[in-house]
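Hi,

Here is the structure I promised to pass on. Have a look, and then read on for my notes.

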Amino acid sequence: MRQATQTLRRLRSPLAQTRYQLKVLHQPIETHAFPSFADTLRQHGKYPLKRAKLEILQLNLGKLCNQTCRHCHVDAGPDRKDEVTSKEILQRALELIRIHQIPTVDLTGGAPEMNPHFRWFVEQCSAICPHIIDRCNLTIITAGKQYRDLPQFFARHGLHIVSSLPHYSKNRTDAQRGQGVFEASIEALRMLNDVGYGQPDSNLQLDLVFNPTGAFLPSQQCTLERVYKDKLLRKYGIRFNRLIVITNMPINRFLDYLLQTGQYEQYMQTLIEAFNPATVDGLMCRNTLSVSWDGYLYDCDFNQMLDLKINHPSPHLLDIDIDSLEGLPIALHQACYGCTAGAGSSCSGEIAS
Amino acid sequence: MANDGYFNPEDLKRFGEITRYQQTLGRKFFDYYREVFKEGALTVREKALIALAVAHVVQCPYCIDAYTEECLKNGADEEEMMEAIHVAAAIRSGASLVFGVQMINHIEKKTM
Ligand code: SF4
Ligand code: SF4
């Protein structure tokens, strides 16, 4: 498997600094080319956007990943070895999950399975939380001997697996995620199917993620799901439950791609023109708390990557009082237009179909 | 608006302006157009692939850009899109070649 690109950090790109990214994202407002996201919400009577009841604790277990996909909003990659969540932070997360009976825990990264405490955490968490999502990039399952039993481990703990496969064609997938990723992903999907994931008579849920392999918006989730199911079953004998459609966010490597290819302004324009007020109430930042590898708190994983912390005087997992979150105004920015375009986009797919 | 040449990509965004001198007909056209491309007996994806193929036959650069993007949005890949335009090209060349029979008929009529 070959890497699709290198991390912005390794390339010493100015975009590796979140402050620079925010400057790029907010520049066109200063020249009045794009309306600010906050103003757009105001126009539709949706401002300020406030946090609702906490339902999902999303833990980003680190930026370490075996892949370096070209669109990655995390800027994850194999070189980010020093940014992985510690056991202390995970202990605290378990405590909060237990005390507040948080119904869903969502594990993401990087490749969450590369965190040395991943299996320990899942074992502890599955005893106290009814729904654990693992955002598995598939290829990690085939990346080495120590990972090959992951499908059995996932099944044993009833994890809900959500995996990116941006296309059912090898060309499109490899162009975004790296040469050889498609074949490794198909092998991993077969292994997941073999232990019962995605099978009609099983409770083991396997969802795939479609995100556009370029600077365009995705189409309807239901149409794409039908095509995916048909193609993957006919050609590879693979089954899965739902297809989740996610819009690419102009953050980190996808922002870099847009700038490098001269498509940034046009993409932002497309997102802004497709603003759909019906998506706002269902935005994931309203019911999710996102935790970074070092324990800081954000309204969503995108804000985490832009280092826009929750609007709270102590935005850290070790200090937070969960009950004080509801009603806090959400930290907004121009990339938010990515979540409200068309049918909307969140970690669980379309918002308003 | 001043324009230096034909086929300015920016003009596609102004397509709506064709209602300018004939609102009734223009609006009816857009209503019809919207209705045609809705999910029906054919999926929006199948319709996008047909539109892409037809766009090549009518050689409309606006439609080619628009329906290339529409196909990608709907998850079509390069192979499917290229095959679709081959279907259009095959019909187009077939439609020329079938007249070869008329040519043969005429040759037979005119020659010994
Ligand atoms: S998109 Fe996912 S799999 Fe790809 S580099 Fe980023 S974290 Fe890793
Ligand atoms: S990026 Fe999306 S999820 Fe995050 S704060 Fe903005 S609208 Fe909410």
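Predicted model: local features only at pLDDT ≥ 70, side-chain atom pairs only at ≥ 80, totals over all residues.

Residues are numbered from 1 along each chain as its sequence is written, chains are lettered from A and ligands numbered from 1 in the order in which they are written, and side-chain values use heavy atoms, with hydrogens and water left out.

First, the cores. By nonpolar core I mean a set of buried Ala, Val, Leu, Ile, Met, Phe, Trp, Tyr and Cys residues joined through side-chain atoms within 4.5 Å; buried is under 20% relative accessible area, exposed over 50%, and partly exposed in between (1.4 Å probe, protein chains only). The largest one has 60 residues, and Leu59(A), Phe121(A), Phe154(A) and Leu232(A) have the most contacts inside it. A second, separate core has 43 residues, among them Leu8(A), Cys65(A), Phe254(A) and Ala341(A). Leaving out residues up to four places away in sequence, Phe121(A) touches Leu59(A), Leu90(A), Ala93(A), Leu94(A), Ile97(A), Val105(A) and Leu107(A) (contact: heavy atoms within 4.5 Å).

Now chain B. Five helices and zero strands make up its elements (DSSP runs numbered from the N terminus: helices are H or I with at least four residues, strands E with at least two). Its radius of gyration is 19 Å, well over the 13 Å from the globule rule for 112 residues, so chain B is more spread out than a compact globule (C-alpha atoms; the rule is 2.2 Å times the number of residues to the power 0.38). The C-alpha trace of chain B spans about 60 × 35 × 30 Å along its principal axes, and buried residues are 23% of the 112.

Finally, some backbone details. In chain A, a cis peptide bond with omega of about -5° joins Tyr47(A) and Pro48(A); Pro48(A) sits in the loop between helix H2 (37-43) and strand E1 (56-60). Gly109(A) to Gly110(A) is also cis, with omega near 25°.

Which residue of chain B has a positive phi although it is not a glycine? That is Gln59(B), at about 50°, in the loop between helix H2 (44-57) and helix H3 (61-73) of chain B. Gln59(B) is exposed, with a relative accessible area of 57%. Asp307(A) has a positive phi too, near 50°, but counts as partly exposed at 38% relative accessibility.

Cheers
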